[in-house]
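Colleague: I am new to this structure and would like to learn how to read a few of its features. Please show me the model and take them in turn.

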Amino acid sequence: MSDPAPKVPEEMFREVKYYAVGDIDPQVIQLLKAGKAKEVSYNALASHIISEDGDNPEVGEAREVFDLPVVKPSWVILSVQCGALLPVNGFSPESCQIFFGITACLSQVSSDDRSALWALLTFYGGGCQLRLNKKCTHLVVPEPKGILQSLSAPTKTLEQQVNHGQQGHANANAVLFGQVKVASEPHLPQPPQPPPPPHPVLHLPAQPLLQLQPQPQMAQQPYAQPPPHPFPPQPLPFPQQQLHRPQQPLQPQPHVLQQQLHQLQQHQLQQQQLHQLQQQLQLQRLQPPPPPPPHAPGQTAQALQHPAQPPHQPPHQPPPPQPPPQSQQPQHQLFGHDPAVEIPEEGFLLGCVFAIADYPEQMSDKQLLATWKRIIQTHGGAVDPTFSSRCTHLLCESQVSGMYAQAIRERKRCVTAHWLNMVLKKKKLVPPHRALHFPVAFPPGGKPCSQHIISVTGFVDSDRDDLKLMAYLAGAKYTGYLCRGNTVLICKEPTGLKYEKAKEWRIPCVNAQWLSDILLGNFEALRQVHYGRYTAFNLQEPFAPTPHLVFNLLDAWRVPLKVSAELLMGVRLPPKPKASDSTAQPSSKRARIEDIPPPTKKLTPELTPFVLFTGFEPVQVQQYIKKLYILGGEVAESAQKCTHLIASKVTRTVKFLTAISVVQHIVTPEWLEECFKCQKFIDEQNYVLRDAEAEVLFSFSLEESLKRAHASPLFKAKYFYITPGICPSLSTMKAIVECAGGRVLSKQPSFRKLVEHKQNKSLSEIILISCENDLHLCREYFARGIDVHNAEFVLTGVLTQTLDYESYKFN
């Protein structure tokens with residue numbers, strides 16, 4: 001570390017959120033910060049743990065509870081010297097690595113063998129040197145001759161050390177190869193750069209090392225090529241300059257090392273697959289364990305649940321049969337209220353005492369939480385400010401919290417707001433029966449599916465909405481369309497245009513169970529998209545959770561909820577919530593307008609105001625329209641035909657953003673009121689809308705915006721291509737653009753066409769508008785340096801009537 005600090009490639013560590021354990025060299029921290037890494041204050045929030053001390057309790061917690069990669073500071077240094085993020089497996093400070101504690105002296109071996117042995121030993125926790133001294137634990141020679149009598153201390157054989165390591169750390173290799181490492185996909189695709197750096201690992205709760213379900217695919221072909229690892233085997237790059245060491249290090253030969261290390265990893269992967277299968281078969285000999293005890297905070301339900309195992313099957317026999325469908329499996333009866341007690345319909349939450357976790361921290365609108373409480377109380381339930389023994393239900397989004405762990409220990413019913421919404425619709429205390437009714441098995445904001453772009457086919461209405469929400473909770477992108485960039489298609493049945501295209505483009509097609517299992521903690525499903533379990537369609541209950549993933553969560557529902565006779569006799573339900581408390585159905589403004597008689601006065605077209613209203617309640621609009629008609633004015637059919645926009649403040653509604661580019665006046669309701677008093681349309685100058693708060697917020701002047709719009713349309717002679725997943729909707733964006741003088745292309749322009757329009761000044765400019773979910777459609781543009789902007793280029797642009805090419809482009 002005495003050498004000058006190497007130069008860090010720009011934003012090299014931008015996806016790294018690190019947590020330092022113990023004393024870390026300040027230069028390592030400087031390298032991380034220079035590469036735009038972010039330091040976090042709690043290990044569960046990190047993507048990488050940096051530590052030299054593998055025995056530190058925080059290191060063990062990060063590994064076992066949150067499944068985080070723990071790396072030595074040398075990972076940072078060597079990554080900088082190599083110009084790419086190196087695989088984390090070879091930099092663990094923990095003793096679980098197979099060659100941990102070994103220092104080998106290599107003597108009389110060929111140059112190629114030295115490189116291969118050096119890579120193998122160092123990558124799995126050992127060390128190498130050329131000089132034989134007391135620090136050496138092993139001498140590696142091609143044949144037993146040379147310097148043997150001069151050893152001052154006996155050395156262990158490699159076989160003994162390996163056997164010892166396997167006995168003491170049986171799960172070491174499973175940690176390396178058996179667990180899913182979920183990648184955080186960058187917001188923007190970048191041009192391919194060799195070698196590809198590994199993605200940062202998502203911090204998720206600890207997962208079981210082995211699948212306890214029988215896997216017929218593996219049993220049929222125990223020695224077949226294993227499925228691809230989530231991180232493809234990569235050659236380990238080495239720095240040009242070696243770190244200072246007490247002993248003389250070996251110099252690797254990268255041109256030989258790449259091939260050898262690749263072969264080593266392939267061989268190691270096959271060995272680990274076989275090792276996992278053997279352990280799986282051993283587990284299958286065991287009798288089904290009793291129900292698991294309540295688990296500690298931070299652990300997932302899956303990590304402590306063990307479904308019944310089939311009898312032992314030797315490898316040469318046919319695979320064990322698939323478990324019967326859920327409808328045929330024995331189910332424990334679940335209860336809401338006690339079936340023997342008649343509960344009044346309006347009091348279907350009687351006896352339910354809720355505590356609420358997770359949601360308060362996520363809600364910016366605290367009024368919404370107050371509405372939840374009021375609705376619960378209206379139907380006979382209660383909401384406690386903190387979790388206590390009297391609580392019967394915990395309303396939470398995630399299983400990763402101390403409150404959730406306490407609730408499970410005390411056999412409370414842990415459910416989500418989605419379950420509560422379902423119960424309110426049914427007006428009955430129904431047990432949870434969909435994956436969305438249960439809290440997810442990762443921290444709020446965790447994204448196990450961040451690398452996926454999901455589309456759906458065959459599901460409609462509420463089922464489709466549920467899948468959208470499930471994709472959002474899992475951190476995936478959702479698109480209503482299907483393109484080659486999609487990574488998964490969730491199908492109700494194996495039919496339809498999307499399904500056929502997915503097969504043609506080799507996009508995996510899975511059922512809804514795949515996404516349900518991921519939400520509930522089976523992260524192995526991320527790499528099991530081709531397994532029979534997830535490719536069986538036409539399921540009777542496609543959203544039903546896998547039983548063993550919710551075993552603990554359903555435990556409390558096996559006992560009916562008791563409601564005392566005193567509570568039933570003395571209950572007086574509060575009045576029903578007002579219409580504003582519940583979800584109001586959209587009113588039909590057009591129907592109201594048609595009920596109003598036509599104008600009583602007839603003015604010439606030049607003197608007739610064509611008016612639009614925005615930001616008012618329908619009842620207010622109805623009153624304004626009556627007065628407008630009495631005066632001889634009319635309601636504009638569209639923004640293009642509007643002369644006056646009446647608003648009480650600046651709002652980013654469709655009407656406001658379309659009208660601002662074409663209207664002559666934006667005035668307050670007082671203008672219409674004064675006109676009605678005078679029984680004629682008066683000058684608008686004294687009633688121009690002024691909204692100082694909005695003008696400060698968006699850094700614009702409404703008066704200046706209107707002047708610019710009157711002088712020349714903002715998007716005149718400009719073409720826009722807007723990707724289909726844009727929000728607000730494509731039709732809304734199209735209306736806003738066209739009112740501002742632009743045109744929207746129906747087909748995605750090629751790179752050649754963009755360049756042609758950019759170089760030829762006589763051709764119209766083409767502007768690309770997209771969103772986070774559609775960035776995969778713009779990969780070619782990013783790779784070729786073409787700017788792509790988000791929706792604010794249009795929305796804020798028309799509000800301020802300016803073209804800002806810098807503030808809203810994706811970097």
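Colleague: Which elements make the right-handed β-α-β unit?

Modeller: A crossover is right-handed if, with the strands pointing away from the viewer, the path from the first strand over the helix to the second runs clockwise. Helices (H or I, at least four residues) and strands (E, at least two) are DSSP runs, numbered from the N terminus. Here strand 5, helix 4 (residues 111-123) and strand 6 make such a right-handed unit. The model is predicted: local features need pLDDT of at least 70, side-chain atom pairs count only at pLDDT 80 or more, and totals for chains, interfaces and linings use all residues. Residues are numbered from 1 along each chain as its sequence is written, and side-chain values use heavy atoms, with hydrogens and water left out.

Colleague: In which sense do strand 5 and strand 6 pair?

Modeller: Two strands pair if DSSP finds at least two bridges between them. Strand 5 (residues 103-106) and strand 6 (residues 127-129) are parallel, with three bridges. Opposite Cys-105 stands Gln-129 of strand 6. Strand 5 also runs parallel to strand 7 (residues 138-140), again over three bridges, and there Ala-104 has His-138 as its bridge partner.

Colleague: How many aromatic pairs does the structure hold?

Modeller: Rings of Phe, Tyr and Trp (its six-membered ring) pair if their centres lie within 6.5 Å; planes under 30 degrees apart count as stacked, over 60 as edge-to-face and the rest as tilted. The structure holds 14 such pairs. In one of them, the ring centres of Tyr-359 and Trp-372 are 5.4 Å apart and the planes stand at 70 degrees, so this pair is edge-to-face. Tyr-359 belongs to helix 9 (residues 359-362) and Trp-372 to helix 10 (residues 366-378), so the pair ties together parts 13 residues apart in sequence.

Colleague: Is Tyr-359 buried or exposed?

Modeller: Buried means under 20% relative accessible area, exposed over 50%, partly exposed in between (1.4 Å probe, protein chains only). Tyr-359 is buried at 11%, and Trp-372, at 18%, also counts as buried.

Colleague: Why is the pair of Phe-459 and Phe-543 edge-to-face?

Modeller: Their ring planes are at 70 degrees, with centres 5.6 Å apart, so the pair is edge-to-face. Phe-459 lies in the loop between strand 12 (453-457) and helix 13 (461-473), and Phe-543 in the loop between helix 15 (512-519) and helix 16 (551-555), 84 residues apart. Both are buried.

Colleague: Which residues do ring pairs link into a cluster?

Modeller: Phe-715, Phe-720, Phe-793 and Tyr-805.
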